[in-house]
Amino acid sequence: MTIFAWVLFGYALLYGVRYLLGARVYLTCALREVDVKSISREQLDPAELRLLTSLDDELAAAGFRHLGFGQVAPFLTYYAQGLPVSVFVNERLPAYALVRQHAAPEYGNLVEAEVWTTFGPSGYRLVTVNTLFSRHFTPRSLRVEGYQGMSVAALVERHAARVAADCVNRVGLGQTLLEQAPLAHAPIQHSTLESAIALVATTIAELRSEFREHGWVVPTTDHALDRFTLRGAFALTHYRRRVFGARKKDSQKPPPIPSDEERLLRIEADLRAISRVADNPESAPGTPWPLLTVIGMSGLLSFVAMAWLWNPPVAALILAAITLHEAGHAVAMRMLGYRDVHVFFVPLLGAMTVGRSVTTTVRDRLAVLLAGPVPGLWLAVVLLAIDAVYTPVTLLRMSALALLILNGLNLLPLTPLDGGRALECLTRPESVWRLVVHGASAVGLLAVATYLRDPLIATIGLFWAVLFPRQLLAYRLRRQVATEVRDRADFRGVVRVALETMSAPRYAAWRAGTRQATARTLARLFSESLATSADRKWGVIAYASAWIPAVVAALLWTR
């Protein structure tokens, strides 16, 4: 394979990993039973209230009157906080209008507005929204049209036209205008907050039932929680990416120059979206077979890819070495209290161990990083020592070589390898040394790839080099946030400062997903304990000690 082919392979693999991590969100949480209730204005904090009332004047001008507020429990246990909604009614249209916070707020589209009209005994509904959507996230009883960023006046006008057109179509099917009048043109009877909330609850319950029909979720022993299937996790990941991809394409035009009020509202909207994510999502009861299947399939794909590139025996040796390496990380993470620890294999590039960290010390984080390569290197020493004492066995020497190469390379002081990340733990998040290490790592990886003539390492090094401009911008962001943060342990405070910083024109191209992920990452980095001088000494000794088995194994190999 040429270097160009390897680069294409790396891009496809990165795309696949993003899908895998997206599906993991669904596989590690559950679908929750619907729960919608009314709440008072006093139960909303000022930031929520400012967002939910931002369209009040426009809706009033369109003939809607306010009924009150409701709260929708999170449909996924991935979210911890309920979603507040503001409910309106226009008796003459007739229609309800719902205003809720946008999961991906942008200037001109900070909140989502929906206009609903219910028709006939069957209860199918016309819905017009001011954002893009996927039909797979809406029940069959809803006939939805989405218009990204449409104004309230235009949205209501379009909805009224749809209502009128639907009446004409139904007349064409044999119903008289007299039959249609009470269904579409008469005022809504009993237009109360409770009736509107019941309509929302019915819609969510229908969606849950249809997810079950599609085989995307299955019931569990807890009637309130459903487990996502493999089919459901990957299907929902796919459709969600399509929706957000369409939103990104739709927003390629230069963003408008925001007013101070719009800038503050977008910061609040991003902050609310981040705050809704659960620190420890509740999973469905029972054995997570879909997730275990994904882990097993990723290992099988890695074996097949390596067997195709080399041969089955070599593939088995390398896969065993990778498994031992990642098992070291996973065991250390579990011992130190990490949650949802899982290992996923990445064909031809190794594997990754992911989990949700808790409050850890610098030494804990170093222990997790070094727990991967060190056990493998000591096992290589043991295998080579046995081979030296007894009759030489080719399998032992080849196994030791695989362990030595895999874990020795991982100890190099280059990111994203374990050695480089271990040294990063000894620096502050805003330190320029993190940027220097990233740049040096790209050069170092390319140099190692040239020496070993390894296209895999070359692909990683090239990818790391391409990321350098973005890392430079991220470094500047960390520096600015560090100068403005008062309390690093205040997660919400760090998130707010990061979002305020990203409202500057320099970051105008960053969409909501990037802003929110960056703010969460920064808050985690800043909330971690900083390395003291004692930690640095301990870390340098631990890192240097990790090389002892590598040196011993290399000496035994060259005997």
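This is a predicted model: local features need pLDDT of at least 70, side-chain atom pairs count only at pLDDT 80 or more; totals for chains, interfaces and linings use all residues.
Me: Why does W310 count as partly exposed?

Reply: Its relative accessibility is 43%, and partly exposed is the band between buried (under 20% relative accessible area) and exposed (over 50%), using a 1.4 Å probe and protein chains only. So 43% puts W310 in that band. Residues are numbered from 1 along each chain as its sequence is written, and side-chain values use heavy atoms, with hydrogens and water left out.

Me: Where is W310 found?

Reply: W310 is in the loop between helix 9 (289-309) and helix 10. Helices here are DSSP runs of H or I with at least four residues, strands are runs of E with at least two, and both are numbered from the N terminus. The protein has 20 helices and twelve strands.

Me: What makes helix 10 and helix 11 roughly antiparallel?

Reply: The axes of helix 10 (residues 312-335) and helix 11 (residues 362-370) cross at roughly 155 degrees and come within 7 Å. Axes are lines fitted to C-alpha atoms, for helices over the stretch in contact, and angles run from 0 to 180 degrees between N-to-C directions. Angles under 35 degrees count as roughly parallel, over 145 as roughly antiparallel, 65 to 115 as roughly perpendicular and the rest as oblique. Helix 10 and helix 11 are therefore roughly antiparallel.

Me: Which residues of helix 10 and helix 11 meet?

Reply: H329, A332 and M333 in helix 10 meet A367, V368 and L369 in helix 11, where contact means heavy atoms within 4.5 Å.

Me: What about C29 and C425: buried or exposed?

Reply: C29 comes in at 2% relative accessibility, so it is buried. C425, at 12%, is buried too.

Me: What makes D340 and L348 stand out in phi?

Reply: Most residues other than glycine have a negative phi, and most peptide bonds are trans. D340 is not a glycine, but its phi is positive, about 50 degrees. L348 also has a positive phi, near 70 degrees. D340 is found in strand 11 (residues 339-346), while L348 lies in the loop between strand 11 and strand 12 (350-356). At 23% relative accessibility D340 is partly exposed, whereas L348, at 10%, is buried.

Me: Which peptide bonds are cis?

Reply: Among them are the bond joining L93 and P94, with omega about -15 degrees, and the bond from T415 to P416, with omega near 10 degrees. P94 sits in the loop between strand 4 (83-90) and strand 5 (95-106).
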